[in-house]
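Please keep the sequence and the structure in view while reading.

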Amino acid sequence: MKRTFLSLCMMVALSTISYAQSFVDTFDANSLGWTESAFESNKGSAIIDKGVLTIKSKGENKAAGAILTAMSGVATKVGENTFFETHCYAPLDVKKPFEVIANVKVDKLANDRVCGFVFNYKDGGNFYCFNFNDEMVNFTRYVDNRVVGNISQGIKWPSKKKLEQVWKLVCDGDVLSFFVDDMEILKVRYMPLDFSGIGFYTFGKQTLVVDEMTFTQN
């Protein structure tokens, strides 16, 4: 009887163990409903084709000042020619710990070319993002088309020529961490997440190619 009771206890314990669940998006099809668009005005494009997601923004030199202003944390209204983004709604419960990994290729790391990871996306004027260029990395909050919060720090890349990268966003409940090639480049605390929208961001004349993403609920 005692042995039977212990066996039952072990079965109950095993049944309550939770395992990480993962979903891999290889972009062979648009199964997550990524926003796609051809070039619109002077903004950019986001297209899934041949197993990759390609995001391009058609920046102009005059946009460099706006980029630096936004990256400095000054409240800036989102304009017609500032950035281009694409997003989907991830198979994640953002109220619980999760991890997102993306294999990307950046066109160029430069002062006037920015790229980043969009998340907590509600709509085009309300989201968070980690974004960076060749000198700085930022965590930026957009509310109603305005930058309302920004955390910035300088960064020294091991190699500016290494344009194929692995991006990782980790949320453990209280801390958001962003990694590039296993190097943590920025950590943010106490930023609540409410929306599962997630995606990518380009600013200036930038191209970003994504060939695989992994979403893991921990």
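## A pocket lined by strands

The model discussed here is predicted. Strands β7, β8 and β9 (136-143) each contribute at least two residues to the lining of the second largest pocket. That lining consists of N120, K122, N126, F127, Y128, R141, Y142, V143, P192, D194 and F195. The space within the second largest pocket amounts to about 150 Å³.

C115, for instance, stands opposite F132 in β8. In general, the strands of a sheet pair through backbone hydrogen bonds, in either a parallel or an antiparallel arrangement.

## The pairings of strand β15

Strand β15 (residues 205-217) runs antiparallel to strand β1 (residues 21-25), and five bridges join the two. Here F23 has F215 of β15 as its bridge partner. Strand β4 (residues 52-58) also pairs with β15 in the antiparallel sense, over six bridges. In this pairing, T54 stands opposite V209 in β15.

How many bridges link strand β6 (residues 98-106) to β15? There are nine bridges, and the pairing is again antiparallel. One of the residues involved is E99, whose bridge partner in β15 is T216.

In a regular strand, as a general rule, side chains alternate between the two faces of the sheet.

## The chain as a whole

The protein chain contains two helices and 15 strands. Its length is 218 residues, of which 45% count as buried. The chain exposes about 11400 Å², and carbon and sulfur atoms supply 54% of that area.

What share of contacts joins residues at least 24 apart in sequence? Among contacts between residues at least 6 apart, the share is 66%. The pairing of F23 with F215 in β15 is one example of residues brought together from separate parts of the sequence.

Methods:
Residues numbered from 1 in each chain as written. Predicted model: local features only at pLDDT ≥ 70, side-chain atom pairs only at ≥ 80, totals over all residues. Heavy atoms only, no water. Pairing = 2+ DSSP bridges. Helix = DSSP H or I, 4+ residues; strand = E, 2+ residues; numbered from the N terminus. Buried < 20%, exposed > 50% of the residue type's maximum accessible area, 1.4 Å probe, protein only. Contact = heavy atoms within 4.5 Å. Areas by Shrake-Rupley, 256 points an atom, 1.4 Å probe, with all protein chains shown as cover. 1 Å grid on protein atoms, 1.4 Å probe; cavity = no way out; pocket = protein on both sides within 12 Å on 5 of 7 lines; lining within 4 Å. Points joined across faces, edges and corners; volume = space filled by probe spheres on them.
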